[in-house]
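Subject: Structure for your review

Dear colleague,

Please find below the structure that I am handing over to you, with its sequence. My findings follow directly after it.

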Amino acid sequence: MKQRTFDWTLILLSVLIAVFGAIIGMQIITTLGVTPNTSIIGAMIAMLIARIPMQMFHRYRQLETQNLVQTTISAATFGAANSLLIPIGIPFVMGLPELVFPMLVGAGFALIIDALILYKVFDSKLFGANEAWPSGVATAEALRAGDEGGKKAKFLGIGIAGGLAGSALGIPMSALGVAFIGNIWALSMFGIGLLINGYSQPWFHFNINDYYIPHGMMIGAGLVALLQFIYTIVKGQTSKKRTITKKSEQATNHVYTRSELDVAKGFGFGFLAYVIGAMLVAFLAGLYTELSVGQLVLFILFAAFATLVSEMIVGVAAMHSGWFPAFAVTLIVLLIGIMLGFPPIALALLTGYTAATGPAFADFGFDLKTGFLIRGRSNWEQELYGRRLQLIAGMIGLVVAIVMVLLFHQMYFAQDLVPPVDRVFTATIQEGIAGETGKYLLIWAIPGAIIQLIGGAKRQLGIMLATGLLVMNPWAGWAVLVGILARIVILKWKGEAGESAMFTTAAGFIAGDALYSFFSSVFKAR
């Protein structure tokens, strides 16, 4: 593995495939409002390239190289769509085109920092490589099946066929697949949250969103999760904690490659970088003319804090369930910003800056999980070296995404094509919030905090329940709960012998759903 580095052919292919991924991301986010997972597509392209009968393409038969290609395209897709086009669309929709460039600079800066933080904290106790990261598992299983064939390919093929057929029938197959892979407690709360949101009207005769129940629950759970996060880092630096961690690692048969000190350094670096980014955005946008000195300091510190917390919440949710509650978390930050009294221009910048982080953090987590599985849980040195290569691959994708959005965003905006979510953010900024919103947020933050406290940092029950409450997809809730029940039955029936086949088939469900989502989105966007 150490002999392989980026030569000009791999860099050229990475740039080309990143351009392809960025175009897909921009086109689909502006026409459908969603971002397809292109990881599987990138893996398939690498496999096809490997079949070209020329010496220079033989290296693409190696799983590590295929993994680098999929890392690049997924970074470019999510970077261009979620982390760049959404932030710069907010000032455009508000009629402030002069703020688009400052927002792009700030979002691009935050996007790079987002990926760097994940690189520094991945495979720590808080973001363990042994956690679910469902989409990463699906991509790894697809790569392995393409390489090994045999039973693994058979079960993966069955899963993909099931995923495609189920998705065509409207069944959320990725949710079903996640239920076989992730933490059962966390996913149970996620499924319950999805059902409560989907059926609040018929069950309780009111809409839970009218009383900001999901938002308040997420605020309470998020604050407790932050305290648990700090507690884990502080305690982890004592000898007693190191003993507990060692016992925990022995119990889970997993040795973390990042310590609590690494996590503290990673997030400490991130906070300082986000402060610098917020100052940069405020300066380029001329925010110092709109705010007093005190408000400006508050804006910079709150923007950095909110951005860091946002990526943590999005990352935790994605790690356990594969879902990105990025929109909901950004909306919560916006609501708090309104209550702090920031004027509309500051709110637009705050919302865009926060929206730039989270998706790239979670997506890169999936990619590193894929790499972790592909590398076969090898020794520390090789694992860390492989991650550095993936960081380079991801950075190529992100830089290309920044250039592509810089060059082509005006083409989309000229046709009034902006991510639909930007109109929601803009309407919220312009209309403000009703007088009792703060009271509702405070009231419902209490149960969210209690549930998160009960579940602890490992299960993240409050975060996952709030994530489910923020997503309107009751069918996904049924799929998650049915999948968990089926998982329990299969494990009791077949024991550990059936676990591998179940795992691979579930990865196929997720891959099939991703493929259906990608091609149906491309077809509709034409």
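Eleven of the 15 residues of H5 are buried, so this helix is largely enclosed by the rest of the structure. Please note that this is a predicted model. The buried residues of H5 are Pro 134, Ser 135, Gly 136, Val 137, Ala 138, Thr 139, Ala 140, Glu 141, Ala 142, Leu 143 and Ala 145. As for its length, the 15 residues of H5 should span 21 Å at 1.5 Å a residue, and the end C-alpha atoms are 21 Å apart, which agrees. Just after H5, Gly 149 adopts a positive phi of about 70 degrees.

The packing partner to consider next is H2. Helix H2 (residues 39–50) packs with helix H5 (residues 134–148) at an angle of about 20 degrees, and their axes are 9 Å apart. Angles under 35 degrees count as roughly parallel, and H2 and H5 are therefore roughly parallel to each other. The crossing in which H2 passes H5 is right-handed. On the H2 side, the contact involves Ser 39, Ile 40, Ala 43 and Met 47; these meet Ala 138, Thr 139, Ala 142, Leu 143 and Gly 146 in H5.

The loop between H4 and H5 contains Trp 133. Although Trp 133 is not a glycine, this residue has a positive phi of about 40 degrees. Trp 133 counts as buried, because its relative accessibility is 0%, and the cut-off for buried is under 20%.

Helix H4 (residues 100–121) has 22 residues and reaches 31 Å from its first C-alpha to its last, close to the 32 Å expected at 1.5 Å a residue. Since 16 of the 22 residues of H4 are buried, H4 is largely enclosed by the rest of the structure. Just after H4, Asp 123 takes a positive phi of about 65 degrees.

One further backbone feature deserves mention. Tyr 212 lies in the loop between helix H9 (200–204) and helix H10 (213–236). Tyr 212 is not a glycine, yet this residue has a positive phi of about 55 degrees.

With kind regards

How values were computed:
Residues numbered from 1 in each chain as written. Predicted model: local features only at pLDDT ≥ 70, side-chain atom pairs only at ≥ 80, totals over all residues. Heavy atoms only, no water. Helix = DSSP H or I, 4+ residues; strand = E, 2+ residues; numbered from the N terminus. Expected span 1.5 Å × (residues − 1). Buried < 20%, exposed > 50% of the residue type's maximum accessible area, 1.4 Å probe, protein only. Axes fitted to C-alpha atoms, helices over the stretch in contact; angles between N-to-C directions. Parallel < 35°, antiparallel > 145°, perpendicular 65-115°, else oblique. Left-handed = near helix turned anticlockwise from the far one by under 90°. Contact = heavy atoms within 4.5 Å.
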